[in-house]
Amino acid sequence: MLYQQVSLIALVKPNSEFDQHKVVLAQQSVQSEAIQQIETDIQAFWQSRQIPINNAALNKLDDPFIRALALEPQLAGYLQVQNRIRHLMWLAEQDWWQPIQLSQLVRPGKQDPIIADVVKRLWLLGDIETSASESTLLDSSVAEALKRFQLRHGLKPDAVIGPETIKWLNILPAERASILANNFVQRAEFMAQREQRFLVINIPAFEMELFNEGRVELASKVIVGKPYRPTPLLSSSISNVVINPSWRVPKKILYNDLLPQVRKDGNYIAERNFDVYDRDDNRMQRTAEQWSDLAKGPFPYRFVQRPGLNNTLGRYKFYFPNDFSVYLHDTSDPELFERSNRALSSGCIRVQNVEGLANWMAANLVKDKQTWVDRHRDRTRTQWFALNSKLNVHLVYWTAWMDDSNQAQFRNDIYQMHSRPQVQDSESAQINDL
């Protein structure tokens, strides 16, 4: 039991005393003094991350087995994560993870020599029940297993074997174990320090969860910032909701996104319900042709999009103070939530279940519910509404976790915040022209 716990911690603290602890515990016999030092280091590790263990009074326990139990962290899913890491580390000791080479897309119903290797890899990772077949056909059973694998890795579940699917199949088991262990401890440390009620957006997962007294009361898909316009990691609190927000277009978005559209067609401004203002806040009036010409040179104006059905921010904007001018909001492009990769915004977070979030706030954080209702009547008028209680919000970055079905979930490190996952050298992971 100590060995398994030390193995997990060694993945989080590589090249530390825990690697030596693994060597000691793997021996036939271990001196009691060494056991005591290992127990002390384990306890100190969890304590440094403010994660409680089962029983901190180790010196009062005589039975080493009971002491090992007492040292385990009080974390939901700890045993499941430990078992999955043990399995992955066992796979790492085998010589089975040779690179799978991909030369072309392989679609359901097609044959390819790599299918047998893909099936074996899926079996080793628990996504298919048997690897007995040597068939080279991507049949229905293999397709279903591929879809399960793709869903676990945040990919489009189309059963097509392409570069991203092969990349994840080729990631070494030891690297998977490291990703899972590090994210598990990171999330546990975060949750151990949280209040009873909070909103958390996991950026690589493109997901939002609202926790209330230890359980998830609301969940939603979200859209986050593109890799070159990343959503920042931060903690703040939502204190105001803007109903029917207008949109003051940031300069970067104006120059990078909107003005190229205006150059092509000056009617873009009127069609998207933008008002244009000069530096003195005077509203500017020009023809479509004039706007198109002006957009080709220096542009000393700013855009404000009026509230309404086509407003980019949608019906709601959830404001929380931060240094990055980001917030949560609705969207006028709901079809984007169907994409598997939802790193599509300029930094703000778009919420699919925005009505659910607004309704939860109205039920739990608003006392004057009639005023809340009244301010929804005019769809074209912007209304600020101050909440009676704040809702803490945290933007986090977790690329792996165990889900409610005891399945290991992995996501791409979209902002390259961690070291790149290690894969066996393979040209297949670099196929960019498929």
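Modeller: A residue is buried under 20% relative accessible area, exposed over 50% and partly exposed in between, with a 1.4 Å probe and protein chains only as cover. This is a predicted model, in which local features need pLDDT of at least 70 and side-chain atom pairs count only at pLDDT 80 or more, while totals for chains, interfaces and linings use all residues. Residues are numbered from 1 along each chain as its sequence is written, and side-chain values use heavy atoms, leaving out hydrogens and water.

Colleague: Why is Arg-306 called partly exposed?

Modeller: Its relative accessibility is 33%, and partly exposed covers what lies between buried and exposed. Asp-275 has 7%, so Asp-275 counts as buried.

Colleague: What makes Arg-306 and Asp-275 a salt bridge?

Modeller: A salt bridge needs a side-chain nitrogen of Lys or Arg within 4 Å of a carboxyl oxygen of Asp or Glu. The closest N and O atoms of Arg-306 and Asp-275 are 2.5 Å apart, so the pair meets the definition. Arg-306 lies in the loop between β7 and β8 and Asp-275 in strand β6, so the contact ties together parts 31 residues apart in sequence. Asp-275, Arg-283 and Arg-306 are linked in a network of salt bridges.

Colleague: What is the N to O value for Glu-39 and Arg-67, and where do the two residues lie?

Modeller: Their side chains meet at 2.9 Å, N to O. Glu-39 lies in helix α3 (residues 32–48) and Arg-67 in helix α4, so this pair joins parts that are 28 residues apart in sequence. Glu-39 and Arg-67 are both buried. The structure holds 13 salt bridges. Another of them is between Glu-217 and Arg-215, at 3.5 Å, N to O. There, Glu-217 is partly exposed at 30% relative accessibility, and Arg-215 is exposed at 51%.

Colleague: How do you know that β5 and β7 pair?

Modeller: Strands here are DSSP runs of E with at least two residues, helices are H or I runs of at least four, and both are numbered from the N terminus. Two strands pair if DSSP finds at least two bridges between them. β5 and β7 (residues 302–305) have two bridges in the antiparallel sense, so they qualify. Arg-248 stands opposite Val-304 in β7. The open sheet has three strands in the order β5-β7-β6, with antiparallel pairing. Its edge strands are β5 (247–248) and β6 (274–277), each pairing on one side only.

Colleague: What are the partners of β4, and how many bridges join them?

Modeller: β4 is joined to β12 (residues 383–396) by nine antiparallel bridges, and to β8 (residues 316–319) by four, also antiparallel. Ser-237, in β4 (residues 234–243), has Asn-392 in β12 as its bridge partner. In β8, Lys-317 is the bridge partner of Val-242.

Colleague: Why is Ser-237 called buried?

Modeller: Its relative accessible area is 14%, so Ser-237 is buried. Nine of the ten residues of β4 are buried.

Colleague: What makes helix α6 largely enclosed?

Modeller: Seven of the ten residues of α6 (residues 115–124) are buried, so the rest of the structure largely encloses the helix. Among them are Ile-115, Val-118 and Leu-122. The buried residues pack against α5 (78–93), α7 (140–152) and α8 (163–170), where contact means heavy atoms within 4.5 Å.
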